[in-house]
Amino acid sequence: MASAIYGVVYFLVISLCLTLFTLVLCFVVYLHHKHKTLDHIPGPKRDGFFWGNIKEMERLKKAYGYSSGAEILNHLCREYGPVMVLWVFHIPIVYISDAELTKKVLITSNYPKDSWAYDKLAYIFGERFLGKGLVTETDHEKWKEKRLALNPAFHRKYLKEFMEQFNASCDVLLAKLAKLADGKTEVSMADEFNRITLDIIGKVAFGIDLNAIHEPDSPFSSAIKESLIAPIWCFAHPLHAIEFTTYGYQNSVIAAIHFLRDTGKKIIDERKKAILNGDEVPTDILSYILKSMDEDTVLDYEELLDHFVTFFIAGQETTSAMLAFMLAEVGKHPEVEERLVEEAEDVLGARQFITYEDLGKLNYTGLVMKETLRLHPSVPSFSRVINKDDELAGHFIPAGTLINPLPYVLHRNPKYWNDPDKFDPERFSAQRDEEDTGFHRYAYFPFSLGPRHCIGQMFAEFEGKVLIARFVKSFKFKLVPGQDFGYEDLKTTLSPKDRIRCTLTLR
């Protein structure tokens, strides 16, 4: 009996070993084939058969003090050219830093988003996060239906009705900052902008008062911050599914995601009930979405929650980062601050409230915003996938290859920009021939290009102009010396490392 049991166990062990060996062998053969099909594309030498270029990127980070992947990619693209392949372990990504190739990828060929990258945002640790929202929907036809349905809610004609909410939230921020404006107290303006943009998206999109300005450690704010870090953490820990020591962290992220989606569910339920009862409801984006749906439409509850979370993540984090970097650049350039203040005074006079008509007159503020996004695009890379064999700059690219156009790199490329590292808002001041300015229309795309450009671009412009114009009109500010103006590590978007610390005085 015992020998029979040993025989069965022996057979199972041998079978398991042979299966594992076969799987490993198949993977090695597949990876070898992948290497051969892409070895003709320029790029740094792989550190190992399985490691790819991970160690090389770590070396560059330490050697040059880079704090973000965007800076490393900028370094490598300058060395290897406008088409470059990097291996993230066994996964190859072709990076594009050429304007015409960017046009081809995002507009002419309109390559689809790749599910491999965007699934990391759609689902985290198996939990639905952004799901099938506008950012993460990879089925182009389904995305098109959603985008067409939501476009009117983000049109200028609709957004201008929210000027009162923009100004009211700004009032709250300025009142708080006035109490700190003693010229001595350090104020972390990146954090303040983070909170005010969260409050604004809550009110304008969903009619809720999160009061993040006065409750910086509110559960909602904390949940967004924790959820946003998790996707990059997953890239840095590819074996997290079997790393038992990280399960505590994973569970805390899952709890944060549950909190965000449960909050959204409660808000949507209450609004649907109010609409059905004929009650008065806020004039916000959520009401527009619910009222504009056909009566025969079966509401996909999970997709509504996807939109709820997506609007907060995409609409809040990116805009707050833009405002923080804008303040940092203005603080380094007194002549720019002087012109911003002069424009705000000319447009507003003794008023504080900014009207819709005022926005069009804040021209220089718009130029400063554009130049900030050139040097510090909130999203430094966009991911697509080649869905058929193609050629880029003479390099054969097989179907299924990930292609990432790089706004951060293109925005700093001397081929397209005169003195690219200089902060110069005037470069956007007039529509001139490309030969006069060195500016190529496809070399600037902080909100992406083509049909999948950011739906919230106009929202961010309205919000940014109101907050910055009123801030510089109300306060003088000085950047705290010695702080690091680099980028925060482990973030999906570019975010200031030292949070743009300032001292304020009333103007």
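1. Let's begin with Asp390, which is buried because its relative accessible area is 17%, and the cut-off for buried is under 20%. Please keep in mind that this is a predicted model.

2. Where does Asp390 sit? Its place is in strand β7, residues 390-392. Leaving out residues up to four places away in sequence, Asp390 touches Lys104, Ser109, Tyr111, His395, Phe396 and Ile397.

3. The largest nonpolar core has 128 residues, and the members that touch the most others are Phe166, Phe193, Phe312, Phe471 and Leu504. Helix α13, residues 301-332, gives this core its largest share, 14 residues. A second, separate core has 18 residues, with Leu60, Met84, Ile93 and Val385 among them. As background, nonpolar side chains in soluble globular proteins tend to be buried together.

4. Which residues does Phe193 touch, not counting residues up to four places away in sequence? They are Leu173, Ser320, Leu323, Ala324, Leu327 and Ile468.

5. Now for strand β11, residues 501-506. Strand β5 (residues 187-188) pairs with β11 in the antiparallel sense over 2 bridges, and Val187 has Cys502 as its bridge partner in β11. Strand β10 (residues 475-479) also runs antiparallel to β11, joined to it by 5 bridges. Here the bridge partner of Phe477 is Leu504, one of the residues named above for touching the most other members of the largest core.

6. How many cavities of 30 Å³ or more does the structure hold? There are 2. The largest has a volume of about 40 Å³, and its lining is made up of Ala190, Asn194, Glu317, Ser320, Ala321, Ala324, Ser495, Pro496 and Arg499. By class, that lining has 4 nonpolar, 3 polar and 2 charged residues. Helices α9 (189-206) and α13 each supply at least two of the lining residues, with the largest share, 4 residues, coming from α13. Ser320 and Ala324 in this lining are also among the residues that Phe193 touches.

7. The second largest cavity has a volume of about 30 Å³. Phe206, Ile268, Leu286, Ile289, Leu304, His307, Phe308 and Phe311 line it, which divide into 7 nonpolar, 1 polar and no charged. Helix α12 (285-292) and α13 each give at least two residues to this lining, and α13 again provides the largest share, 4 residues.

Methods. Residues are numbered from 1 along each chain as its sequence is written. This is a predicted model: local features need pLDDT of at least 70, side-chain atom pairs count only at pLDDT 80 or more; totals for chains, interfaces and linings use all residues. Side-chain values use heavy atoms; hydrogens and water are left out. A nonpolar core is a set of buried Ala, Val, Leu, Ile, Met, Phe, Trp, Tyr and Cys residues joined through side-chain atoms within 4.5 Å. Buried means under 20% relative accessible area, exposed over 50%, partly exposed in between (1.4 Å probe, protein chains only). Contact means heavy atoms within 4.5 Å. Two strands pair if DSSP finds at least two bridges between them. On a 1 Å grid over the protein atoms alone, a cavity is a set of points where a 1.4 Å probe fits but cannot get out, and a pocket is an open set with protein on both sides within 12 Å along at least five of seven lines; lining residues have an atom within 4 Å of a point. Grid points are joined across faces, edges and corners, and a volume is the space filled by probe spheres set on the points. Ala, Val, Leu, Ile, Met, Phe, Trp, Tyr, Cys and Pro count as nonpolar, Asp, Glu, Lys and Arg as charged, and the others, Gly among them, as polar.
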